[in-house]
Amino acid sequence: MHPLALIPWLDPETIINAAGPWALVVVCFIIFAETGLLVGFLLPGDTLLIMAGLLSNPVTHAPNGVFGVNVWIVGLLIGLAAFLGGEVGYLIGRKGGPAVFERKESGLFSRSNVERTNAFFERYGGVTVILARFVPIVRTFAPVAAGVGKMAWHKYSLYNLIGAVIWGFGLTVIGYLVSLIPGVGEFVAEYIDVILLIAVAGTIVFIVWHYFAEKRKVKREMAAGPDGTTDAAEAQELVLEPEAFDDPAEERGDAPRL
């Protein structure tokens, strides 16, 4: 018996049984927010996906893991959340236009983050929507940048779907496969309460650390000259030209346009 079982509401078994489905909702919301909300870059998406896969091993908590459903459903729901987040981010950019970038520099917004995302589009074209899934910060701003620049919706959505499946579903399943390595699942099951505590505390620490790191970066940039506010004219400069969404193969004429 776990020592905390003497206090029912602190027993990990009790907590997991009560929170399992809700925990999956929280994970899906975090993944959604990473690309659907401009503040999502503060969230630890990659780590969370691997952790979700690990916790889907039946050994950790019979019969279907911590979330109460098998890993394929967990992966599909997370992939769906990633896709919807990308679509919402695109719509925010499309409807908001350049005004989305008109804001004061802070720990939640930095012009340099948008410029970094634009650089990816200028180098890789529309495929950036897929690649961005694996690059923190860029995956948050890529949907918005694509929307503001009016990237063709059908092309964006196709790449968004591919990226969501590879990243959201793929990393979750990879985490699950790691848990099948002899001894790993048993270790997770033995220390499930500690792992969950570390996961929650680690997420909070990551968000706080990343926020203040961004604030320090913004202060350094402001000290170097910028006034700290992106006005309408500067926001317009951040809008990508249509050519930025062409893929390298398209530019060479080696592939048909989507």
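The model is predicted: local features need pLDDT of at least 70, side-chain atom pairs count only at pLDDT 80 or more, and totals for chains, interfaces and linings use all residues. Residues are numbered from 1 along each chain as its sequence is written, and side-chain values use heavy atoms, with hydrogens and water left out.

The protein chain contains 11 helices and zero strands. Helices (H or I, at least four residues) and strands (E, at least two) are DSSP runs, numbered from the N terminus. The order of elements from the N terminus is α-α-α-α-α-α-α-α-α-α-α. Of the 258 residues in the protein chain, 45% are buried. Here buried means under 20% relative accessible area, exposed means over 50%, and partly exposed lies in between (1.4 Å probe, protein chains only). Contact means heavy atoms within 4.5 Å. Among contacts with a separation of 6 or more, 78% join residues 24 or more positions apart.

Helix H7 (residues 153–179) packs against helix H2 (residues 45–54). The axes of H2 and H7 come within 6 Å and cross at roughly 50°. Axes are lines fitted to C-alpha atoms, for helices over the stretch in contact, and angles run from 0 to 180 degrees between N-to-C directions. H2 and H7 are therefore oblique to each other. Angles under 35 degrees count as roughly parallel, over 145 as roughly antiparallel, 65 to 115 as roughly perpendicular, and the rest as oblique. The crossing of H2 with H7 is right-handed. A crossing is right-handed if the near helix is turned clockwise from the far one by less than a right angle, and left-handed if anticlockwise. On the H2 side, the residues that meet H7 include Gly 45, Asp 46, Leu 49 and Ile 50. Their partners in H7 include Trp 167, Leu 171, Tyr 176 and Ser 179. The contact of H2 with H7 comprises nine nonpolar, six polar and one charged residues. Ala, Val, Leu, Ile, Met, Phe, Trp, Tyr, Cys and Pro count as nonpolar, Asp, Glu, Lys and Arg as charged, and the others, Gly among them, as polar.

Ser 179 belongs to H7. Ser 179 counts as buried because its relative accessibility is 2%. Its side chain makes a polar contact of 2.9 Å with the side chain of Asn 57. A polar contact is a pair of N or O atoms within 3.5 Å; within protein, one must be able to donate a hydrogen and the other to accept it, and residues adjacent in sequence count only if both atoms are side-chain atoms. A polar atom of the Ser 179 side chain also lies 2.4 Å from the backbone oxygen of Tyr 176. Leaving aside neighbours within four places in sequence, Ser 179 contacts Gly 53, Leu 54, Asn 57, Val 184 and Gly 185.

H7 also meets helix H3 (71–96). The axes of H3 and H7 come within 8 Å and cross at roughly 145°. This crossing is right-handed. By class, the contact of H3 with H7 has 16 nonpolar, seven polar and one charged residues.

Gly 68 sits in the loop between H2 and H3. Its relative accessible area is 45%, so Gly 68 is partly exposed.

Helix H4 (residues 111–124) and H6 pack at about 75°, with axes 9 Å apart. H4 is therefore roughly perpendicular to H6. The contact of H4 with H6 holds eight nonpolar, three polar and one charged residues. Among them are Phe 120 and Phe 121 in H4, and Phe 141 and Ala 145 in H6.

Val 144 lies in H6 (residues 138–148). At 2% relative accessibility, Val 144 is buried. Beyond four places in sequence, Val 144 touches Leu 38, Gly 89, Tyr 90, Gly 93, Val 100 and Phe 101. Val 144 and Val 100 are 44 residues apart along the chain, and their C-alpha atoms are separated by 8.4 Å.

Two loop residues have positive phi. Most residues other than glycine have a negative phi. Ile 137, in the loop between helix H5 (128–131) and H6, has phi near 75°. Ile 137 is buried, at 9% relative accessible area. Lys 150, in the loop between H6 and H7, has phi near 60°. Lys 150 is exposed, at 52%.
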